[in-house]
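Thanks for coming, everyone. Please look at the screen while I bring up the model.

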Amino acid sequence: MLRLLGTVAVTLLALTACSVPAGTGSTSAGRTFVVATSGEPDTLNPILGYGSDGASLIFDGLVARDAGNTLVPALAAELPAVSADGRTVTAKLRTGATFHDGSPLTAADVVFTYSAVLDSAVDSTLRSDLDMLTAVTAPDTSTVVFTLKYAYAPFLQRLTLGIVPAAALRDQDVNRAAFNQAPIGTGPYRVTSWTPGDRLVLAANESWWGGRPANSGVIVAFVADDNVRAQRARAGEFDAVELAPRLATAFPGFSVHKVPTADYRGVMLPMNHPVTGDAAIRRALDAAVDRQAMVTGVLGGAGDPAYGPVPPTSPFHVTTGPAPVDLDAAGWIAGTDGIRVRNGQRAEFALMYPATDSLRKELALAVTADARKAGIEVRPEGLTWEAIEPRMGQDALIMGWGTPYDPDFLSYKLFGSRFAGQGFFNPGGYRSAVVDRALQAGRDDADPEKRKAAYATFQRQLATDAPWVFLTYLQHTYVVRDDVAGVTPRVEAHEHDVANSLWWNIHTWTRR
C-alpha cells in the first residue's frame, strides 16, 4: 500500500482506489506521496498545452523556475543567450540528459517540439504564444537556435515548455497519438498509469539528470467536487490537497498552507448580450461589487481585491478602479420592483459557474446580492462545464485566470480581438482597438519602459470598458500532512493542478 497508516487508513485507501498499482516500485512506508487536486488535464502532451509553464513533474523545459520564479537552466546547460538585436536565441543542451525510455536528449527533440507547436495541423493552444518564431534549427546535436520575427522580451520564459522525444511522435497525428495519455519525458517522474477522472500514477525517474528524486513516486488524485475532496482529506487519504479557503481548516496531523498567487476570479460579461453588452451596465456592476467583503467573507481573508488582470506584485501593474456611471442618464430606469429597465429590456442576466466549485458559487451569490443594490438582477446557475461552454458567448460566467510571470501571458489571448469567441480565450467577444494596439506593443518591443507604458494603457482601457468585473486575487490554500518535509511555496498562477502546484518540487519531499 501507499503508506502504512494502520488498518483504517489502508481500508480507506483501498476503497477509494488510491493504493499503488503493481509496478510503481513503492515498497517502503512513506516513500510515495498522494496529492489531490480539482483540475485534471485533457492531455499529458506539452505540445498540446500540458504544463507549458514548467513544473510538470513528467517533462523538463530548456529552462525552469526556482522557488522565487526566477528562470534557471534545466535541459539547457545555462540560460540561453540572446543576441544584441533580441532576434536570435541560442541554447546549449546539458550533457547526459535522457528520456524515460533511455534514449538521449538531442537538439533534434527540441526542434521537433517547437516545430510541432507551430504546425497548423496540430491542435496546439500554444501556437499564438510562439507566433514571434520564424525558425527553430539545430546546427549540431547539442545546440538549438531560435530565430524571432521581432525582439520579444519574455521569450526565455516561453522556454519552460516540456521537450518531447521526436522519435515517439514523428510521422504520427500528434492530436490523437497514444503518447498524449502515456508520454515519455525527461522529468523527475515517469508515467505509470493515468485513469481519467480518478488518478495519475507517477514513479521516480531513477536516471533523472537532476538527481534521483527523494521519494519513490507520486499519485495525483483528481477529485472535482470541493466537499468530497475535503471529506477524503479528513479521512487521511492524501498527503497534500488543495481546498477552497472555507474548507481548508487544520485537523489533527495536518497544517494549512496559504500560498500567494496571481490567480484572479471575475465575472466575464459577453458583449452580444442585450444587457451585459451595454457598457453602462458593466460599469455599474463593476462599481457595485464589494470586493473587500468577498475577501473577508467568501475567502476567509485568503486573498485580495482585484481590479484587473495584472497583479499588484507585477512591475507592470497600475492602479485602476471602477469607471463612474449614471444608469439613469444611460436610460436604465428603476422599475417598481427595483430592477432597472430600458426600452422594455429588464437589467437581468444569467451568471454561470461550475457547480462543483464551491468558491465560484459563493462569489456568484455575492455578486448577485451586490448587483441587486444597483438595480441589476443576476440569476446564478451552477452547471457542468459541458453545459457552460456552449453558452459562454451569450451568458456571463465566473471565470479564473492569472499569471505571476509576464503580462503578455494570458492577457494577449484573453482580451485580444483576434481571439474573440475562441473557447476560453475571450469567450465574451470583447474587441478594442486600443487594447489590441497596447497588447501588441507590449510583445513587439523589448524596451522595459515602453512595455510598461503599453501595459498601463491596456489596464486603463480595460477598466473603462469593463468586459470583466474582476473580483478577487486568491491565496491557494492547501492542507498538508505534518510529517512531510520539503514543502516550499512559491507564487502560483491560475493553472496549478498536476503542474505548478504546491508540489512543484515534490521530487525533494521526504517524510520526517
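First, the ground rules. This is a predicted model, where local features need pLDDT of at least 70 and side-chain atom pairs count only at pLDDT 80 or more, while totals for chains, interfaces and linings use all residues. Residues are numbered from 1 along each chain as its sequence is written, and side-chain values use heavy atoms, with hydrogens and water left out.

Start with strand β17, residues 348-354. Strands are DSSP runs of E, at least two residues; helices are runs of H or I, at least four; both are numbered from the N terminus. In β17, 6 of the 7 residues are buried, so the strand is largely enclosed by the rest of the structure. Buried means under 20% relative accessible area, with a 1.4 Å probe and protein chains only.

Which strands pair with β17? Pairing takes at least two DSSP bridges. Strand β18, residues 377-383, runs parallel to β17 over 7 bridges. There, Ala350 is bridged to Arg379. Helix α7, residues 358-373, carries the chain from β17 to β18 in a right-handed β-α-β crossover. Right-handed means clockwise from first strand over helix to second, with the strands pointing away from the viewer. Strand β19, residues 396-401, is also parallel to β17, through 2 bridges. Leu351 sits opposite Ala396 there.

Now the cores. A nonpolar core is a set of buried Ala, Val, Leu, Ile, Met, Phe, Trp, Tyr and Cys residues joined through side-chain atoms within 4.5 Å. The largest has 71 residues. Helix α2, residues 107-118, gives the largest share, 7 residues. A separate core has 32 residues, including Val275 and Ala396.

Methods: Buried < 20%, exposed > 50% of the residue type's maximum accessible area, 1.4 Å probe, protein only.
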